[in-house]
Amino acid sequence: MTDLRRLALVVVTVAVTVVGEFGCSSFGNVVTFDVRHKFAGKGKNLSALRAHDIRRHGRLLSTVDDDLPLGGNGHPSETGLYFGKIGLGNPSKDYYVQVDTGSDILWVNCAGCVKCPTKSDLGIELTLYDPKRSSTSSMVYCDQDFCTSTYDGPLPDCKPNLQCQYNVVYGDGSSTAGYFVKDAIQLQQVTGNLQTGSTNGTVIFGCGAKQSGELGSSSEALDGILGFGQANSSMISQLAAAGQVKRMFAHCLDNIDGGGIFAIGEVVSPKVNKTPMVPHQAHYNVVMKEVEVGGALLDLPSDIFDSGDQKGTIIDSGTTLTYLPSTIYELLMTKILSLQPALKLHTIEDQFTCFQFGENVDDGFPVVKFHFEDSLVLTVYPHDYLFQIKEDIWCFGWQNSGMQSKDGKDMILLGDLVLSNKLVIYDIENQTIGWTEYN
């Protein structure tokens, strides 16, 4: 189990309430909250993984192709891979929310919501937020600064005391709609000796009045989504504007035990190499330069890493697998398989390339390295890019973007499998991303 108590971090003020079992231990002097994986303990359900990524993939594309509200950045996805617990209102009540680096706003389902889920198969109790039952809640109106800045200007037909509303329609047809409220968020202050104490912040978040499609499904339902995006409407940006935290966060995710931890604050140790973010993008994008397999660089066209409107490589912990354009995918798989010429491959569910292998995969398959701008390298071991579905049966976590959708054929997206068991640091203030091995 990773011992994150070894991390030395600057003193920050708050930590979201701890929940569940996790693979990366808690640590002091930082805003932290633990997260759980929705597939934890259920084995590798290929149908669920595929369905999740297909929906997620479409939504990531829709944020590029469509000029949606919330400045083009407020695109919550469906109930996702990692979720944690926060407290809202006064008196505070607990809400389970997806933690999502691919969206911005925090929103929860609210009392009177149409088609909001009432139960979940994740073993958690769902709660509807009711602003009328919180003594600290207040409405956010369309003429207030938060609303005008979120929508990049005054809203048409805005009148005094008219609520600031949101309405997001995703690529798969599901949607969330409601209005913004301001209320207390219950947090935990974590000190250097691992003692915790309650403290409060105040944030503006979405009060979900109507959900449709997958967002109304009860099978993997949560109370809402906590976005960690870069927009001013995100929780981290609001807390930073209030002087409570810096606009930086980190995560360490465990793809074996199905948990992890998110931390808000500046990690000062261990030091990590960083690469610049691509500016003016809806997601966390960086520039990939080369791909190395088993110590040899792939012979790739120099322009293969420039994916048009979706500049660069998307780093997204909310996606399970890794998606590569056909050119990269085919050369990568050819190189890997050349080291195992006797391997018999078979396809499962028309998408996953799988095989039988009874030995240690780290001894039988090559290490893959992705090289980024400013010499940052992401090292992906065989046990990271291969996953076991049953005894001696393994599948590749690489996916061909060209086989997923026409619009996303050039997409390079690094998901949960290759980001796990690493400390990944997002420095929004300085527009960099970095990581280091952290097993």
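Colleague: Does C110 count as buried or exposed?

Modeller: This is a predicted model, in which local features need pLDDT of at least 70 and side-chain atom pairs count only at pLDDT 80 or more, while totals for chains, interfaces and linings use all residues. Residues are numbered from 1 along each chain as its sequence is written, and side-chain values use heavy atoms, with hydrogens and water left out. Buried means under 20% relative accessible area, exposed over 50%, and partly exposed lies in between (1.4 Å probe, protein chains only). The relative accessibility of C110 is 2%, so this residue counts as buried.

Colleague: How many disulfides does the structure hold?

Modeller: A disulfide is a pair of cysteine sulfur atoms within 2.5 Å. With bonded cysteines counted along the chain, the pattern is 1-8, 2-3, 4-6, 5-7, 9-10. The number of disulfides in the structure is 5.

Colleague: Is the disulfide of C110 and C207 left-handed or right-handed?

Modeller: The sulfur atoms of C110 and C207 lie 1.9 Å apart. The torsion about their S-S bond is about -135 degrees, so the disulfide is left-handed.

Colleague: How many residues apart in sequence are the parts that C110 and C207 tie together?

Modeller: C110 lies in strand β5 (residues 106-114) and C207 in strand β9 (residues 196-212). Helices (H or I, at least four residues) and strands (E, at least two) are DSSP runs numbered from the N terminus. The pair therefore ties together parts whose separation in sequence is 97 residues.

Colleague: How many residues apart are C147 and C164?

Modeller: C147 and C164 are joined by a disulfide with an S to S distance of 2.2 Å, and the link is right-handed, with 85 degrees about the S-S bond. C147 belongs to helix α2 (residues 145-150) and C164 to the loop between α2 and β7 (165-169), so that the pair links distant parts of the chain. Their separation is 17 residues.

Colleague: Are C147 and C164 buried or exposed?

Modeller: The relative accessibility of C252 is 1%, at which that cysteine counts as buried. For C147 and C164, both residues are likewise buried.

Colleague: Which strands hold C354 and C395?

Modeller: The torsion about the S-S bond of C354 and C395 is about 95 degrees, so this disulfide is right-handed. The pair links distant parts of the chain, 41 residues apart. C354 is in strand β21 (residues 352-356), and C395 is in strand β25 (residues 393-396).

Colleague: Which residue is the bridge partner of V291 in β22?

Modeller: Two strands pair if DSSP finds at least two bridges between them. Strand β16 (residues 288-293) and strand β22 (residues 368-372) pair in the antiparallel sense over 5 bridges. In β22, the partner of V291 is F370.

Colleague: Which residue in the turn of the β16 and β17 hairpin has a positive phi?

Modeller: β16 and strand β17 (residues 296-297) pair in the antiparallel sense over 2 bridges, and E292 stands opposite L297 in β17. The hairpin has 2 residues between its strands, and the one in the turn with a positive phi, of about 60 degrees, is G294.
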